[in-house]
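Welcome! Open the structure in your viewer, switch to a cartoon view, and let's walk through it one stop at a time.

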Amino acid sequence: MAAGLQVFGQPASTDVARVLTCLFEKNLEFELVRIDTFKREHKLPEFIKLRDPTGQVTFKHGDKTLVDSRAICRYLCTQFPEDGNRGIYGTGSLERASIEQWLQAEAHSFDAPSSELVFHLAFAPLLSMTPDEAHIAENERKLQQMLGVYDEILAKNQYLAGDEFTLADLSHLPSSHYIAATTRGRKLFTSKRHVARWYDAISSRPSWQQVVKMQSEHPGTFE
């Protein structure tokens, strides 16, 4: 039984959304403390003490504090292995090694171009910023290259690490969601048949739909 799980941040943040999705997959009770880093709330003493230097997400469980969203997801899966989705972090060493391989790929190769596209395609228009076409095109090229590799794997598997949904897939959801919500960005996913099928499957999961609902009800920074 989980007790005292707290998440500090806004559901609109990709890092917060990643953690929330994992919590819902594991069917764990938690408290979300909404912090808007563009407002004065983030200067509360408790949050100053806890917060990630980037202001993205902070997780607290008892006297343990974590600030990396992927590390938080790993922690939840290893700390509460019998709760909710038991296979999300693998059920054996080989499965977990495969999941870790894809988590590393997401963190080191997928995250950088996708985060740039999230900002320039989804958030920059809300800030009335002029799009940097050269920068967008360069990151589209990088992401297309990555998704080409994914498409080859997904031609053989239902999901990245096999035929079951795992953290490997979950970790891609937050940035993919924002990109796919734009007309230009969605083509990156729909242009590859197996990637399109995969994204439709992972984005329709109840855990993710709950996060999307939270984002729309209280978007945070851009409300």
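Two residues are in contact when they have heavy atoms within 4.5 Å of each other. Keep that in mind as you look at this predicted model: among the contacts between residues at least 6 apart in sequence, 68% join residues at least 24 apart.

**The whole chain.** Colour by secondary structure and you will find 10 helices and 4 strands. Following the sequence, they come in the pattern β-α-β-α-β-β-α-α-α-α-α-α-α-α. Of the 223 residues, 50% count as buried.

**The sheet.** Next, select the strands. They form an open sheet of 4 strands in the order β2-β1-β3-β4, with mixed pairing. At its edges, look for β2 (31-33) and β4 (64-66), each of which pairs on one side only. Neighbouring strands of the sheet are turned by 20° against each other on average, direction ignored.

**A strand pair.** Select residues 5-8 for β1 and residues 58-61 for β3: these strands run antiparallel and are joined by 4 bridges. Zoom in on V7. Which residue of β3 is its bridge partner? It is F59.

Technical notes:
Residues are numbered from 1 along each chain as its sequence is written. This is a predicted model: local features need pLDDT of at least 70, side-chain atom pairs count only at pLDDT 80 or more; totals for chains, interfaces and linings use all residues. Side-chain values use heavy atoms; hydrogens and water are left out. Helices (H or I, at least four residues) and strands (E, at least two) are DSSP runs, numbered from the N terminus. Buried means under 20% relative accessible area, exposed over 50%, partly exposed in between (1.4 Å probe, protein chains only). Two strands pair if DSSP finds at least two bridges between them. Axes are lines fitted to C-alpha atoms, for helices over the stretch in contact, and angles run from 0 to 180 degrees between N-to-C directions.
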